[in-house]
Every structure is written in structure tokens, then in C-alpha cells.
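Dear colleague,

Please find below the structure that I am handing over to you.

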Amino acid sequence: MAYDAARLTKLSALQELAQKVKSSDASLQTQIDSVSSDLSDVQTKVSDIVSTGGEPNTIESISVNGAEVSTDESKNANITVPTKTSELDNDSDYQSASDVSTAIAEAIAAAGHASFEIADAVPTVETAVENVMYLVLNTETSHYDIYALVSNEVVLLDDTTVDLSAYFTSDEVNAAISNAVVVATDEEVSEMLTEVFGE
């Protein structure tokens, strides 16, 4: 999420951040001590295993899909892995980029596309065409009403009026922001940091 690094913050938020930093320092040291202790335990266990005759894991043989793969004199097993899809059998009938593009183009061509048309009057069921939205001027509002043929009936879908009465203007928003911003002084910030970290 993007943020504005120049935005002002509250003194209480800075105080909370300072307290979290102070607390996390102590918590981090505790975790480091715990990891060091665990590492020491592991080293001791490995030494015990080696001293009693233990040995590293050894691979006895390598198989690919149940078939054993031979190794050369350097104990190297060369396993050939396909690097191109053309080297595989397409037994699931996956589509190529060309197949997908063709299928999409055919689906778009077969789909109905809505269009607008200005009409002098509301069309009848007999004259209305599917996927056409008819704009009929409403003399009372001086805006267009939108009609369309839906399930063998011509219905009013909406109109072109826009009601912005519930929205604030830019000037109203800027005034509200100006009234809400309180800037902490240098002395207040210094006092807060002293309270958290001491002198």
C-alpha cells in the first residue's frame, strides 16, 4: 500500500513506535540467546553421533520413474529432463497460445455487443432489438431515460442524471483536513522521547 512519507503524524503514534522499538530490542536478544543455546545442543549431538561410529547419509542407487539410472566412474548420474514442452506428450490436450487466441476471438465474435441508440419515443416490444439501449429524452428532467428489451419486455433501466449532492467539494475536503491537522512541537517530541528512553 502506497503512503505519503511527508504526511504529519501524531505524537502519540511516535511514542507508541518508540516503545515498540525499546521492547523489541529486549525480545530480540532473548531470541538470539535461545538460538545460540539450541545450536550448541545440536553441535553436541552431532559430535556424539560421530564419536560412536555414525556416518553421513549415502545414496545407494538412483531411479527415475522406477528405472535405475547408472552412474559413471565419478559417481555422476546424468538424468535427462525435457526442457521444452515440445519434448513432452500432450496427453491432456493442453492448448497452445494460438489455440487460446482463436477460441477467445470466436467467443467474442459470437457474443452480443450492447450499443446505444437515440430514440424519439420508447420502442415497443415489436420494434425493440436485443442488445440495444434506447436513449429517450425525458422532457421533465432534460436527461435521457435508458430503455432496453429484457425477457421480451421493454423496461426502463436507468437515466443519465448524476446526483452529486452527497459528495464533498475539493474546497470542503481541504478545509476539513486543515482543521484536523495538529503539528507537535520540537519540545513535545523531545519530551516524549525522554519519557520513553530516559535521559
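The notes below go from the overall fold to local features.

This is a predicted model, in which local features need pLDDT of at least 70 and side-chain atom pairs count only at pLDDT 80 or more, while totals for chains, interfaces and linings use all residues. Residues are numbered from 1 along each chain as its sequence is written, and side-chain values use heavy atoms, with hydrogens and water left out.

Overall fold

The protein chain has 4 helices and 6 strands; helices (H or I, at least four residues) and strands (E, at least two) are DSSP runs, numbered from the N terminus. In order from the N terminus, the elements read α-β-β-α-β-β-β-β-α-α. The chain is more spread out than a compact globule, because its radius of gyration is 37 Å, well over the 16 Å that the globule rule gives for 199 residues. That radius is taken over C-alpha atoms, and the rule is 2.2 Å times the number of residues to the power 0.38. The C-alpha trace spans about 100 × 75 × 25 Å along its principal axes. Of the 199 residues, 9% count as buried. Here buried means under 20% relative accessible area, exposed over 50%, and partly exposed in between (1.4 Å probe, protein chains only).

Salt bridge

A salt bridge is a side-chain nitrogen of Lys or Arg within 4 Å of a carboxyl oxygen of Asp or Glu, and by this rule the count comes to 1. The pair is Lys-20 and Glu-16, whose closest N and O atoms are 3.4 Å apart. Both residues lie in helix 1 (residues 11–51), 4 residues apart, about one turn of the helix. Lys-20 is exposed at 51% relative accessibility, whereas Glu-16 is partly exposed at 42%.

Surface patches

Patches are made of residues with over 30% relative accessible area and no salt bridge; like charges are joined within 9 Å, and nonpolar side chains (Val, Leu, Ile, Met, Phe, Trp, Tyr) within 5 Å. Accessible areas come from the Shrake-Rupley method with a 1.4 Å probe, and for residues only the protein chains shown count as cover. Lys and Arg count as positive and Asp and Glu as negative, with His and the chain ends not counted. The place of a charge is taken as NZ of Lys, CZ of Arg, CG of Asp or CD of Glu.

A patch of negative charge on the surface is made up of Asp-186, Glu-187, Glu-188, Glu-191 and Glu-195. Glu-195 belongs to helix 4 (residues 186–197) and is exposed at 57% relative accessibility.

A nonpolar surface patch comprises Leu-8, Phe-168, Val-173, Ile-177, Val-181 and Val-183, with about 590 Å² of accessible area together. Val-183 sits in the loop between helix 3 (170–180) and helix 4, and counts as exposed at 54% relative accessibility.

Loop residues

Asn-65 is not a glycine, yet has a positive phi of about 50°. This residue is in the loop between strand 1 (62–64) and strand 2 (67–69), and is exposed with a relative accessible area of 83%. Ser-151, also not a glycine, has a positive phi of about 50°. Its loop runs between strand 5 (143–150) and strand 6 (153–159), and Ser-151 counts as exposed at 71% relative accessibility.

Ala-111 is in the loop between helix 2 (97–110) and strand 3 (115–119), and is partly exposed at 37%. From C-alpha to C-alpha, Ala-111 and Asp-91 are 31 Å apart in space and 20 residues apart in sequence.

Yours sincerely
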